[in-house]
Amino acid sequence: MMIATLMACSHIDEDERLIYVKPVAASRNVLIEDFTGQRCVNCPNATEEIEKLIAQYGGDNVIAVGIHSGPFAKSVRGVPYSLYTETGDEYFNYWKVESQPKGVVDRKGTSDYTSWATFVREEMAKTAPLSLMVTSEYDGEKHEAFIRVDAEGTDGNTSGHLQVWLIESGITAFQYMPDGSTNREYVHNHVFRKAVNGTWGTDFTIKEGEHKEETFIGNIDEGWVPQNMEVVVFVYNDSGVCQVTKCRLMEEQI
C-alpha cells in the first residue's frame, strides 16, 4: 500500500505541488519629520501635537523625528545651537521649508502641524508594501552600535532607498516658548542626531516574498546619551515613505 501511494504521488506535476501564498499585508507606521528650532516660539505647539498623536496611536506606530534646522536653529548672528546638524539643514533646504514649525508626514510634502492628525490618519489606513524590523547591539567600549535591519516584501516589488537615523530624547536645553518666555529647562525629545548611512540612505530593492538583511555601524558622538537614543529605519522612494520602524539603541549591550 505504501509503494502504491508513493507511485501515485510521483505523477503529480511539479507546478501543481507549489502553490504561492501571498505574504500577509504589513500594517503601516507613519514618519513625521518635524523641522524645528530652539528660537522658534511656536515649535513647542508642534511638539504637543506630536505627543497627542503618539498617545493616540502609540510610539511604535507614529515615529517622530525633531530636525533642528533652518534659521531658528541658530542664533540671530547665525551661530548654530547644539541641537543643529548640517544634515538636518540639508533636509530643511530640500523640502524648501519657508516657515517653522513645518513638517513632512511620510515624505508627502511639507505641511503645518495643525494638519498632521489628518495626514497620519490617512497614512495609517493604508497597508505597507514591506515589513521592517531593526535591532541594535551597543558596544560601550567602542561607542558604537551594531544595527541589523530585516525586511520582507509583502505587496509587489519595492525600490527606493533605505535610511538609518540616530535620534535622542531627554535633552535639556533652552527653548523659546509661545508666550514669549524662554524655558531653560525644556526637554527636547526625538532629536535627529545622525544619518548612519548617508544623508539620503542607500539604494534598496526588495521583491514580494523576499527577505533581506542589512547591517550598519552607528558611531555615538561624545556627549550623546546612548540610554536615551533610538535607531529609526525607513524605506522611501518618489512616492513617499513605504515603511518605518525603530528600536532602542541599547536594545542589547555587548
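Trainee: Which strands are included in what covers the buried residues of H4?

Mentor: Helices (H or I, at least four residues) and strands (E, at least two) are DSSP runs, numbered from the N terminus. Buried means under 20% relative accessible area, exposed over 50%, and partly exposed in between, with a 1.4 Å probe and protein chains only. Here the cover of the buried residues of H4 includes S2, strand S3 (62-68), strand S9 (158-168) and strand S14 (191-195).

Trainee: Before we go on, what sort of model is this?

Mentor: This is a predicted model, where local features need pLDDT of at least 70 and side-chain atom pairs count only at pLDDT 80 or more, while totals for chains, interfaces and linings use all residues. Residues are numbered from 1 along each chain as its sequence is written, and side-chain values use heavy atoms, with hydrogens and water left out.

Trainee: Which residues of H4 are buried?

Mentor: Gly88, Asp89, Tyr91 and Phe92 are buried in H4. Looking down the axis of H4, these buried residues fall within an arc of 155 degrees, so they line one face of the helix; the arc is that of the directions from the helix axis to the C-beta atoms. On the face turned away from the buried side, H4 carries the exposed residues Glu86 and Asn93.

Trainee: How is a pair of aromatic rings described?

Mentor: By the distance of the centres and the angle of the planes. Rings of Phe, Tyr and Trp (its six-membered ring) pair if their centres lie within 6.5 Å; planes under 30 degrees apart count as stacked, over 60 as edge-to-face and the rest as tilted. That rule gives twelve aromatic pairs.

Trainee: Which residues do ring pairs link into a cluster?

Mentor: The cluster is made of Tyr91, Tyr94, Trp95, Trp165, Phe192, Trp200, Phe234 and Tyr236.

Trainee: Where does Arg107 lie relative to Tyr91?

Mentor: A charge sits over a ring if NZ of Lys or CZ of Arg is within 6 Å of the ring centre and within 35 degrees of the ring normal. Arg107 lies over the face of Tyr91, at 5.8 Å from the ring centre. You will find Arg107 in the loop between S4 and strand S5 (110-111). Elsewhere, the charged end of Lys212 sits over the ring of Phe204, 5.4 Å from its centre.

Trainee: Is Arg107 buried or exposed?

Mentor: Arg107 is buried, with a relative accessible area of 8%. Its side chain makes a polar contact with the side chain of Glu33 (2.8 Å). A polar contact is a pair of N or O atoms within 3.5 Å; within protein, one must be able to donate a hydrogen and the other to accept it, and residues adjacent in sequence count only if both atoms are side-chain atoms.

Trainee: What does the backbone do after H4?

Mentor: Lys96 follows H4, with a positive phi near 55 degrees. Lys96 is exposed, with a relative accessible area of 64%, and belongs to the loop between H4 and S4. Pro101 is found in the loop between H4 and strand S4 (102-105), and the peptide bond from Gln100 to Pro101 is cis, with omega near 5 degrees.

Methods
Contact = heavy atoms within 4.5 Å.
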